[in-house]
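Me: Give me a close look at a single part of this model, please. Begin with how its strands pair, then tell me what surrounds it.

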Amino acid sequence: MSTRAPSEAASTSAAPLSLCSREPHVPADRLVAEMVPPPRFDSVRFDTYLPDPNQPSQTDAVKALSSFAEGLGGAHASGAGKRRWFARKPAAPTGPRGVYLDGGYGVGKTHLLASLWHATPAEPALKAFGTFVELTNLVGALGFQQTVKTLSEHRLLCIDEFELDDPGDTVLVSSLLGKLVESGVALAATSNTLPGKLGEGRFAAADFLREIQGLSAHFRPLRIDGEDYRHRGLPEAPSPYSDQVVTATAYATPGASLDDFPHLLEHLARVHPSRYGALTDDLAAVCLTDVQPVPDQSTALRLVVLADRLYDREIPVLASGLPFDRLFSDEMLNGGYRKKYFRAISRLTALARDAKGLVAQ
């Protein structure tokens, strides 16, 4: 850390940014343009995925996905770009046009999903990648028919963390995917856990296929076993710092934000989760004071989305108060959204490790 005292650093440096002062508005065209793998996964490829030698299903998944990507080259599956006025309407694609990555949190499903996007031989404008929430936000912004039209010429749509805990949204997106499959779009997905489906912290492939019903024939399940890679051989998460250290670091770090954690949770309730990515634009670090247990489930689910956006963008998080593994109550960690909360803890812990270097400056 700087040799200056924290109070001196705070008084002589520019004031940090504040997430609580931001209320971004995201136009619909940005929602479409940003349907690419997040910055954290810009450079991932199949050959950068490190399979656990004790989990052969990981190596098998890489091979299967590589072959799947190769099969998506050439013309659009619907025949778009090759048809003439006298040509017959092309036959619907046969066989599975989608893959479902079936595994627990932290086994690298998003890494593999992004690698599939990168490996598919098509221009970026013909491939889409987003979370289930981002896809439902797109439908809300464009309308159902326009979303179908926008995505129907794509070769591939990747959906990370398919939300199966809201029946209405599940039906909506399943209907959308049905239209896209008819247009020849290939699909790839991961999913989260339904309420009450605790087990291994994963949503079993058979349950996923049952939930999407008519689309099940279009998905080939790929089981990926393993433990959370973010904690394989890594040191324990650093203990929280003092308010003084967090504040001084925020002042000493250009582009850092500084917010009181309870106030940030209140602010998140006023910003739609589709805007949380924009909320973090141009941030170099997030500094939080007085981290406390999350008071209720609605607040907890909003924090999960923010944690995802911070993790996607590789933004370090420095905090005082309680450690991140004490954010959620036992009731929450044993409830239907268990997997989401453990993912948030895992990701925030990884970002807390990244923040250690800021304090050492």
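Reply: Two strands pair if DSSP finds at least two bridges between them. Helices (H or I, at least four residues) and strands (E, at least two) are DSSP runs, numbered from the N terminus. With that in hand, take E1 (residues 98–103) and E4 (residues 186–191): 3 bridges join this parallel couple. Tyr 100 has Ala 189 of E4 as its bridge partner.

One caveat before going on: this is a predicted model, where local features need pLDDT of at least 70 and side-chain atom pairs count only at pLDDT 80 or more, while totals for chains, interfaces and linings use all residues. Residues are numbered from 1 along each chain as its sequence is written, and side-chain values use heavy atoms, leaving out hydrogens and water.

Now zoom out to the sheet itself. It's open, has 5 strands in the order E2-E3-E4-E1-E5, and pairs in parallel fashion. At the edges sit E2 (127–131) and E5 (219–224), each pairing on one side only. On average, neighbouring strands are turned by 15° against each other, direction ignored; angles here run from 0 to 180 degrees between N-to-C directions, with axes fitted to C-alpha atoms, for helices over the stretch in contact.

Leu 157 is buried, at a relative accessible area of 3% (buried is under 20%, exposed over 50%, partly exposed in between, with a 1.4 Å probe and protein chains only). Skipping neighbours within four places in sequence, Leu 157 is in contact (heavy atoms within 4.5 Å) with a list of residues including Met 35, Ala 128, Leu 135, Leu 177, Val 185 and Leu 187. Val 185 is 28 residues away from Leu 157 in sequence, yet their C-alphas are 7.0 Å apart in space.

What about helices? H3 lies across E1, E3 (156–162), E4 and E5, and runs at about 150° to E5. H3 (residues 56–70) also meets H4 (residues 109–119): their axes come within 9 Å and cross at roughly 30°. That makes H3 roughly parallel to H4 (under 35 degrees; over 145 is roughly antiparallel, 65 to 115 roughly perpendicular, and the rest oblique). On the H3 side, the contact is made by Ala 61, Val 62, Leu 65, Phe 68 and Ala 69, and H4 brings Leu 112, Leu 116 and Ala 119.
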